[in-house]
Amino acid sequence: MSIEHYDAIVVGAGQAGPAIAARCSREGLRTAIIERGPFGGTCVNVGCVPTKTLVASARAIHLARRGAEFGFATGGEVRADMARIKARKDGIVEASRNGVESWMRGLKHTEAIVGEARFTAPRTLRVNDRELTAPRIFLNLGGRALVPDLPGVHDVPTLDNRTVMELTEVPEHLVIIGGSYIGLEFAHLMRRFGAQVTVVEKSPRLLPREDEDVADGVRAILEAEGIRIDTGAECLSLSHRGARIAVGAACATQIPPIEGTHVLLAVGRRPNTDGSGLDSAGIQTDARGFIVVDDQCRSVSAEGVWAVGDCNGRGAFTHTAWNDHEIVVANLFDNDPRRIGDRIACYALFTDPPLARVGASESEVRASGRPALRAKMPMQRVGRARESGETQGFMKVVVDAETRVLLGAAILGMNGDEVIHSLLDMMAAGQPVDRIARTVHIHPTVSELVPTLLQQLKPMA
Ligand SMILES: Cc1cc2nc3c(=O)[nH]c(=O)nc-3n(C[C@H](O)[C@H](O)[C@H](O)COP(=O)(O)OP(=O)(O)OC[C@H]3O[C@@H](n4cnc5c(N)ncnc54)[C@H](O)[C@@H]3O)c2cc1C
């Protein structure tokens, strides 16, 4: 087999890979992009895009059920039609996936190859019956759902983020193992579709990485819609119970297990770095399998190899994967020394209302011992939220006492996922919060509360 020479090879057409391939193509490099599954990777096919279409359906159903409150009748019970909800989701996903694929197939100097790539030697990969080499290899391998090592986990049918979105009927009772971001999104939307939902979480509270008031606020929102939440579930196990699945959550044998019709595993993600022959190329991974990279996404052990997106363990979101691509092309082609370290942590949990977060949590700031100011106000104070009948949640900020620069913020509430960007942009600009506290915001919006909130700062007790 003769080795085919390229200038650049991208493995994985997820969120970072295609944009890197496009830039290589623009630079006139002979490029190959290799994808073993559907183009677009996790976000497009089994992550952000499909979940947000389901979140939109769930919200529409929820609002329709509140018709009487808003002054309209629906002419009967509002019921989810899972097959139609899935069809809508599939249509949006397909358009997005096709967009990525046709983008890649249309690039100049670029070959889009369908197949699984595996290293055979440094900077050399086998795919199908071909062997390819290039001086620059970009790994955009992504990740997949982690299967926890629980008694019985391989004896009963379980769902993950892919298969749960293939259901054409609403589960009667969905038990979700894992009370973190992915699990809670599914919990909320499935409840609104009409499923009985139980969330089982090992830690003493939901969202263990968030502040206690944030986690409690999310819990209250979910419980208000009838979701059962079992935290502190230290002795998890799975077994058959007739046609149902029994989820044991407590160590005490007299506490009966939870019986569900379906079980969703949502306990975390693992990188797709096994099975790619990274050892043959001297590419170092850490104990959890993430490719170890420097602040420019370069492999620390293999020259000419970059790892971008979820597989480098430096981010777990589409926006971090995209930013990895920006960092790589800026350093390679634009002489612009962008770094992962420049990034401010930001993300959202798309329950409804959502939780949006930037920077450090209050507990992290407290643990750091640095003098800080804090302000917190309920969404009840937002006129627009009252007018919309969506007053759950709060806004909270933590500010450096000396520089008056924002250290972190949480917005749990209506439009929080949009409003948070005014705070994120202030952090990025390195401006003291007084700038935003004195900025006039439009009335009536949720953002209107931000300057008011920043006028309430008090030293953190
Ligand atoms: C249910 C769910 C909801 C989510 N919601 C959000 C959200 O709302 N917002 C957000 O920012 N993030 C969200 N995420 C996370 C987001 O999807 C990921 O962070 C993002 O997709 C990571 O992109 P990536 O490019 O690193 O990898 P991926 O998108 O996973 O792409 C990696 C690609 O590499 C391919 N591949 C792997 N190995 C090989 C190989 N050896 N040969 C060839 N191809 C290979 C895979 O097939 C895959 O297509 C969600 C994730 C899940 C699971």
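In which handedness of crossing does H3 pass H6? H3 passes H6 in a left-handed crossing, meaning that the near helix is turned anticlockwise from the far one by less than a right angle (clockwise would be right-handed). Keep in mind that this is a predicted model: local features need pLDDT of at least 70, side-chain atom pairs count only at pLDDT 80 or more, and totals for chains, interfaces and linings use all residues. Residues are numbered from 1 along each chain as its sequence is written.

**H3 against H6**

- Helices (H or I, at least four residues) and strands (E, at least two) are DSSP runs, numbered from the N terminus.
- H3 covers residues 48-65 and H6 covers residues 181-193; they pack at an angle of about 40°, with axes 9 Å apart.
- Those axes are lines fitted to C-alpha atoms over the stretch in contact, and angles run from 0 to 180 degrees between N-to-C directions.
- H3 and H6 are therefore oblique to each other (under 35 degrees is roughly parallel, over 145 roughly antiparallel, 65 to 115 roughly perpendicular, and the rest oblique).
- On the H3 side, Thr 51, Leu 54, Val 55, Ala 58, Ile 61 and His 62 meet Glu 185, His 188, Leu 189, Arg 192 and Phe 193 of H6; contact means C-beta atoms, placed from the backbone, within 7 Å.
- By class, this contact of H3 with H6 has 6 nonpolar, 3 polar and 2 charged residues (Ala, Val, Leu, Ile, Met, Phe, Trp, Tyr, Cys and Pro count as nonpolar, Asp, Glu, Lys and Arg as charged, the others, Gly among them, as polar).

**Around the ligand**

- The ligand is surrounded by 34 residues, and the closest are Gly 12, Gly 14, Gly 41, Gly 142 and Gly 309; a residue counts if its C-beta atom, placed from the backbone, lies within 6 Å.
- H3 turns up here too: strand S3 (31-35), helix H2 (41-46), H3 and helix H8 (318-333) each supply at least two residues of the shell.

**Domains**

- The chain is assigned domain 1 (3-145 + 270-342), domain 2 (163-267) and domain 3 (346-456), with bounds from an automatic or database domain assignment.
- Domain 1 puts 7 residues in contact with 4 residues of domain 3.
- H3 gives the largest share of the domain 1 side, 5 residues.

- Most residues other than glycine have a negative phi, and most peptide bonds are trans.
- Asp 352 and Pro 353 are joined by a cis peptide bond, omega about 5°.
- Arg 123, not a glycine, has a positive phi of about 55°.

Key: Two residues are in contact if their C-beta atoms, placed from the backbone, lie within 7 Å.
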